[in-house]
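Let's take a friendly walk through the charged and aromatic side chains of this protein. Please have a viewer open, and follow along residue by residue.

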Amino acid sequence: MRAKTLYLLAVLAVAVALFTTVPFRGLFEPDESRYALVAKGMLEEGHWLVPYLEGVPYTHKPPLYLWLVAALRGLGLPWTAAGVIPAFAAAMAVLLLFPRGGRRLGLSEEEAFLAAAATAACPLFVTMAVAARMDMLLTLALAASLVAAYVVVRGDGVSGAWRWVFWLGVGLGVMSKGPVAVALVALTLILFSLASREPLSFRNLFKGWAWAAPWVMILAWFVPAAASQGWGWVQEILIRQSAGRMVASFAHREPFYFHLITWPVTGFPGSLLALGAAVALWRRAQPPAVRFTASAFLAVLLFFSAISGKLVVYLLPLVPIAAVLAVLALRERAAWMSWVLAVSSLLGFALGGVIAAVPTWRSELGLTDGTAAVLGTGLVLPSLFGLVAAARREPGRAFRFLILAGVWFAAVVLPVATHHVDATLSVRVVARAYSSLASPGAPGLVYRETLSGLPVYGERPFIR
């Protein structure tokens, strides 16, 4: 199958995931509904400059994504759609701009479409494309910044437009997820400089006035917000929520090897191939594009492995980088790639088996044996074909089969799974049922846990 056809199928599968999940589910607890509750406060109380949650300034995340959710809700969209559309739009921007960006990183047209297809078919990517979180905004911002940085620092026909792309991407990343965006770009450039054999012109990044764009973007919000809240708010934003989370996180603490365990599955189909390529190709006599992509891969992986707080979703920005690196590695046709793709095929096979067995270990989800078997088979079959192709030393063909397994996950497995976990992860039905029984002015019942979906969908305060 040609790469462009595979790319179109994968992008269509992501769109199918959107239209078969968002209209039929509520916002999941705890994060999705919490962001919606903050956006609800913006609309009802006018807290646009400094977001609030339950009467306290919400300092955990920058406000860009929250502004977008509030704006879309203000236009009349349902809460789930308002929360998901910013992430989905960012995901589609990554996929639609991928072919052009890939060419800038040394990919041929066929290779660029193949890498874009691998990105769309990644379980982590498609899941976050239809999730109400800001991580996809960071992924888009980082991808744009990295491509622009590669073009600018190498000085190949550099234009002012690429400098603007770089700095606007940095600003968008900071406003989406915080200083982590700057750290990832800086660490990538440091590693690339160590692995480069040719001179790099970092001064090109600071020519003109593009470098001022992120400062204007960030300070236009931060200065008036700090003036209204005082030094305590500034310390909370800059120290506890930024530096504090990196060195001594108060949530999601995991050992340093956490991502090495989870990434092979969540980053499927190119996870292991990219990991092997990053280690094998970084310091060898490779073209600059290969060394840059390997540097970016290692920068993201090492950074999120070094910080104390870890979640699977934190590696979302690694997915498009891994796809590019995996496709670049396929040029080598080295013997180790067939072995790695064989292991990746076995992972796909195992994932299909786990899904087929869901009724036996999560019976409360209501997934029938027949449905689970069909879902699992759709992953097992292409993974089996991929294993055969890898055994025949046909890595390109094996990789395409694994992408087809990811397409099945996006178009079929994810929508069915979302339908079955909605009642477990969302309180939309409970909140609306209570509102239909209680008088309009009555507050919600007292609850111990922070279930933000209750006031969001119940349209009334719920006192904890």
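## Salt bridges across the chain

This is a predicted model, and a count over its side chains gives 13 salt bridges. Side chains of opposite charge can pair when their charged atoms come close.

One of these salt bridges joins Glu110 and Arg2, with 3.5 Å from N to O. Glu110 belongs to helix H5 (residues 109-120), while Arg2 sits in the segment before helix H1 (3-19), so the contact ties together parts that are 108 residues apart in sequence.

Next, have a look at Arg133. Arg133 makes a salt bridge with Asp31, and their closest N and O atoms are 2.7 Å apart. This pair also links distant parts of the chain: Arg133 is in the loop between helix H6 (123-129) and helix H7 (135-154), Asp31 is in helix H2 (residues 31-45), and 102 residues separate them.

Is Arg133 buried or exposed? Its relative accessibility is 11%, so Arg133 counts as buried, since the cut-off for that class is under 20%. Both Arg133 and Asp31 take part in a network of salt bridges that also includes Arg34, Asp135 and Lys177.

## A buried charged pair

Asp422 and Arg428 form a salt bridge as well, their closest N and O atoms lying 3.6 Å apart.

## Aromatic contacts

Now for the rings: the structure holds 14 aromatic pairs. Among them is the pair of Trp221 and Phe222, with 5.8 Å centre to centre and 70° between the planes. Which class does that angle give? The arrangement is edge-to-face, because planes over 60 degrees apart fall into that class. Trp221 and Phe222 are both buried.

Rings also gather in a group: Tyr150, Phe192 and Phe292 make up one aromatic cluster.

## Where charge meets ring

To finish, one contact brings the two themes together. Arg25 lies over the face of Phe28, and the distance to the ring centre is 4.4 Å.

Terms used:
Residues numbered from 1 in each chain as written. Predicted model: local features only at pLDDT ≥ 70, side-chain atom pairs only at ≥ 80, totals over all residues. Heavy atoms only, no water. Phe/Tyr/Trp six-rings, centres within 6.5 Å; stacked < 30°, edge-to-face > 60°. Buried < 20%, exposed > 50% of the residue type's maximum accessible area, 1.4 Å probe, protein only. Lys NZ or Arg CZ within 6 Å of the ring centre and 35° of its normal. Salt bridge = Lys/Arg side-chain N within 4 Å of Asp/Glu carboxyl O. Helix = DSSP H or I, 4+ residues; strand = E, 2+ residues; numbered from the N terminus.
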